[in-house]
Amino acid sequence: MTGTPDEPVRVFQDLEALSRAAAELFTTCAKRCVAAQGRFTVALSGGATPRRLYTLFGSTPYRENVEWKHTHVFWADERCVPGDHPESNFKLAVDAFLSSVTMPKENIHRIKGEEGPRRAAQDYEQDIRSFFGPALFPVFDLIILGAGEDGHTASLFPGSASLHERTRLVLPVYLKPPKLNRVTLTLPVLNKAAQVLFLASGRAKAEVVSAVLEGDDGQHYPAGFVRPIHGGVTWFIDKEAGERLRRLSRT
Ligand code: 6PG
């Protein structure tokens with residue numbers, strides 16, 4: 001399996017190679033989880049970086065190789081907009097692959113952003129608890145995350161109180177207009193995942209990538225707070241995002 005939990009970073013020539021390797025990791029993880037437990041649970045992020053990966057999910061061979069009927073799709077975060085809004089992370093996934101794979105609708109656990117941050121967060125937390133059962137925190141098989149230039153991940157932003165949440169699974173995020181309010185999984189949920197896959201592409205991410213992976217100030221960036229307790233975290237980056245790394249393991 002590419003990007004095993006104990007392989008902290010893989011550097012790819014470009015976003016296309018990164019996306020294809022991520023699709024392979026996803027497929028391998030899905031196959032293993034369905035074989036072992038009869039289902040595969042994944043939480044997706046939004047943004048531009050995973051767009052190509054998501055279109056690969058909707059294309060041959062990935063469309064055929066993943067057992068979508070046993071796959072449950074969640075989101076790491078969402079904007080507080082309707083599911084057909086151009087800014088919706090749900091719409092990003094629908095347009096890229098959800099509309100072209102065969103999946104029971106109950107396997108798609110959309111965050112209902114149109115309800116507003118507070119209600120959407122409550123409803124999503126309820127959905128997660130109903131699905132995963134009574135454990136204190138759910139264990140997602142895979143969570144795909146990005147990292148903003150400021151080091152945010154999901155909708156956990158630098159300096160926000162959300163970073164200190166220790167009991168809730170989902171939080172509302174209130175941002176100053178024109179930014180959209182959001183809903184986000186909390187750090188305890190991210191850090192319970194069996195596997196976290198970060199995707200970072202482009203020169204603009206070089207600082208946050210090097211700070212989180214090699215710097216001693218990684219903890220200033222929320223992405224640096226994601227250290228799964230039992231699972232693994234792997235960064236798939238392209239050469240530009242890795243240009244400040246001192247120890248490169250080129251792929
Ligand atoms: C979102 C994402 C967010 C994203 C980063 C990186 O809803 O916007 O979940 O956390 O992963 O902002 O975004 P890019 O991939 O566009 O750089």
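Author: **Around the ligand**

Thr 49, Arg 79, His 152, Ala 154 and Lys 205 come nearest to the ligand, out of the 16 residues around it (a residue is near a molecule or strand if one of its heavy atoms lies within 4 Å of it). Before we go on, keep in mind that this is a predicted model: local features need pLDDT of at least 70 and side-chain atom pairs count only at pLDDT 80 or more, while totals for chains, interfaces and linings use all residues. Residues are numbered from 1 along each chain as its sequence is written, and side-chain values use heavy atoms, with hydrogens and water left out.

Arg 79 puts a polar side-chain atom 2.6 Å from a ligand oxygen. His 152 also uses its side chain, with an N or O atom 2.7 Å from an oxygen atom of the ligand. Ala 154 does it with its backbone, where an N or O atom lies 2.6 Å from a ligand oxygen. On its own the ligand has 420 Å² of accessible area, and the protein covers 87% of that. Accessible areas come from the Shrake-Rupley method with a 1.4 Å probe; for residues, only the protein chains shown count as cover.

Let's stay with Ala 154 a moment. You'll find Ala 154 in the loop between E5 and E6; helices (H or I, at least four residues) and strands (E, at least two) are DSSP runs, numbered from the N terminus. Ala 154 counts as buried because its relative accessible area is 8%. Here buried means under 20% relative accessible area, exposed over 50%, and partly exposed in between (1.4 Å probe, protein chains only). Its phi is near 50°, a positive value in a residue other than glycine. For background, most residues other than glycine have a negative phi, and most peptide bonds are trans.

Step back to Thr 153, and you're in the loop between strand E5 (142–145) and strand E6 (170–173). Thr 153 counts as buried because its relative accessibility is 0%. What does Thr 153 touch, leaving aside its neighbours within four places in sequence? Its contacts (heavy atoms within 4.5 Å) are with Leu 145, Gly 146, Phe 198, Pro 222, Ala 223 and Val 226.

Moving on, look at helix H4. H4 (residues 89–98) is mostly covered, with seven of its ten residues buried. Those buried residues are Asn 89, Phe 90, Leu 92, Ala 93, Ala 96, Phe 97 and Leu 98. Down the axis of H4 they fall within an arc of 155°, so they line one face of the helix (the arc is that of the directions from the helix axis to the C-beta atoms). As a rule, an α-helix has 3.6 residues a turn, so residues three or four places apart point the same way. Among the elements that cover the buried residues of H4 are strand E2 (40–44), helix H2 (51–57), strand E3 (71–75) and strand E4 (77–79). The N-terminal end of H4 has a cap too: a side-chain oxygen of Ser 88 lies 3.1 Å from the backbone nitrogen of Phe 90.

Another stop is Thr 186, in the loop between strand E7 (182–185) and helix H6 (187–190). Thr 186 is buried, at 0% relative accessible area. A polar atom of the Thr 186 side chain lies 2.7 Å from the backbone oxygen of Arg 168. Beyond neighbours within four places in sequence, Thr 186 is in contact with Leu 156, Glu 165, Arg 168, Leu 169, Val 170 and Leu 171.

Two prolines deserve a glance. Thr 60 and Pro 61 are joined by a cis peptide bond, with omega about 5°, and Pro 61 is in the loop between H2 and helix H3 (62–65). The bond from Pro 177 to Pro 178 is cis as well, with omega near 10°; Pro 178 is in the loop between E6 and E7.

Finally, the cysteines. How many disulfides (pairs of cysteine sulfur atoms within 2.5 Å) does a search of the whole structure find? The count is zero. Cys 29 is in no disulfide, and the nearest cysteine sulfur, that of Cys 33, is 4.3 Å away. Cys 29 is buried at 0% relative accessible area, and Cys 33 is buried at 7%.

Conventions: A disulfide is a pair of cysteine sulfur atoms within 2.5 Å. A polar contact is a pair of N or O atoms within 3.5 Å; within protein, one must be able to donate a hydrogen and the other to accept it, and residues adjacent in sequence count only if both atoms are side-chain atoms.
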